[in-house]
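Subject: Structure handover

Dear colleague,

The structure we talked about is below, for you to take over. My notes on it follow.

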Amino acid sequence: MKEIVKEHPLRPIILQFDLKKKALDFEVRALAAYYRMHDRSWETKQNLLQHKNTLTEIDIKTTELEYRLAPIELQLDFLESAFKLADNVELPEIAEPFTIDIADFYEEVESHNKDLIALNKDITVEMEWFEDWADYIYENEDWFDEQDDEGDKLIHQVFKHYDEVSVDIISLDRDQQEFFGVLGHIRKLQQEYFDYGEEVSEQYARVHHESETVYQRALRVKAYVDKHFPLDKA
């Protein structure tokens, strides 16, 4: 028996062969399919890691936008109260006198809206991939295609004809069990991606709704200011 190691980015594939035996056609096709399943799994793992990182970036940006919304809402509370645009506004106690520069306020709202629009583009693209991948997994149960499924059947034939094939089935069984373990880790990563995607999507939807509410309040303040304090264009 000769041990042959096929290096692969997912994991090294270590099999033993009886070089005195000629590899049968179905055996060659079975091992080719086995190697291809490693390729598909590696590609899937890399895609999931990449898209999970994208979700993290969206999560961070969404959190930042929510953080920036708080001071805008506070200024709105004071402006609405001063202009009597809202009733029974509960204002926090301020120890020192302060002023709100209305131009700076408008700019702050506009900047927030601009960044929200940019983030909307990012999450739209990511959630399209999320939905497409979820649909693919739902229809196929995993990331392997029909060609891979056929290869899996061929591998069963290899075990069935253990005394005819050149590959040592004990080494094949051991290697396959290790491969199954790696697949388990990828499936776990996939579930983490799905769970995180739903969490990030819900967070974004909430912040988007809160932001739109703030923008409407800001527009009402601007309409009031424009009407009662028009700029002198002379």
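Aspartate 168 is buried, since its relative accessible area is 16% and the cut-off for buried is under 20%. Please keep in mind throughout that this is a predicted model. Aspartate 168 sits in the loop that joins α3 (146-160) to α4. Its contacts, once neighbours within four places in sequence are set aside, are Met1, Gln16 and Phe17. One of these, phenylalanine 17, is 151 residues away along the chain from aspartate 168, yet the two C-alpha atoms are separated by 5.5 Å.

Helix α1

The helix α1 runs over residues 25-82. It has 58 residues, and the distance from its first C-alpha to its last is 85 Å, close to the 86 Å expected at 1.5 Å a residue.

Helix α2

α2 covers residues 102-140, which makes 39 residues. At 1.5 Å a residue it should span 57 Å, and its end C-alpha atoms are 56 Å apart, so the two values agree. At its start, a side-chain oxygen of aspartate 101 comes to within 3.0 Å of the backbone nitrogen of alanine 103. At the other end, α2 is followed by glutamate 141, which has a positive phi, near 75°.

Which residues of α2 are buried? They are Phe105, Val109, His112, Leu116, Leu119, Ile123, Glu126, Met127, Phe130, Trp133 and Ile137. The cover over these buried residues includes α1 and α4, the latter being residues 169-228.

The axes of α1 and α2 are 9 Å apart, and the helices pack at an angle of about 155°. Angles over 145 degrees count as roughly antiparallel, and α1 and α2 are therefore roughly antiparallel to each other. The crossing of α1 with α2 is left-handed.

For α2 and α4, the axes come within 9 Å and the crossing angle is roughly 150°. By that cut-off, α2 and α4 are therefore also roughly antiparallel to each other. Their crossing is left-handed.

Two residues in this packing

Valine 109 lies in α2. With a relative accessible area of 10%, valine 109 is buried. Apart from its neighbours within four places in sequence, valine 109 is in contact with Ile72, Tyr215 and Ala218. Valine 182 is 73 residues from valine 109 along the chain, and their C-alpha atoms are separated by 48 Å.

Serine 211 lies in helix α4. Is serine 211 buried or exposed? Its relative accessible area is 0%, so serine 211 is buried. Not counting residues up to four places away in sequence, serine 211 touches Leu69, His112 and Leu116. His112 and Leu116 are both among the buried residues of α2.

To restate the main points: α2 is roughly antiparallel to α1, and α2 is likewise roughly antiparallel to α4. Both α1 and α4 are among what covers the buried residues of α2. Away from that packing, the loop residue to look at is aspartate 168, with its contacts to Met1, Gln16 and Phe17.

Regards

Methods:
Residues are numbered from 1 along each chain as its sequence is written. This is a predicted model: local features need pLDDT of at least 70, side-chain atom pairs count only at pLDDT 80 or more; totals for chains, interfaces and linings use all residues. Side-chain values use heavy atoms; hydrogens and water are left out. Helices (H or I, at least four residues) and strands (E, at least two) are DSSP runs, numbered from the N terminus. The expected span of a helix is 1.5 Å times one less than its number of residues. Buried means under 20% relative accessible area, exposed over 50%, partly exposed in between (1.4 Å probe, protein chains only). Contact means heavy atoms within 4.5 Å. A polar contact is a pair of N or O atoms within 3.5 Å; within protein, one must be able to donate a hydrogen and the other to accept it, and residues adjacent in sequence count only if both atoms are side-chain atoms. Axes are lines fitted to C-alpha atoms, for helices over the stretch in contact, and angles run from 0 to 180 degrees between N-to-C directions. Angles under 35 degrees count as roughly parallel, over 145 as roughly antiparallel, 65 to 115 as roughly perpendicular and the rest as oblique. A crossing is left-handed if the near helix is turned anticlockwise from the far one by less than a right angle, and right-handed if clockwise.
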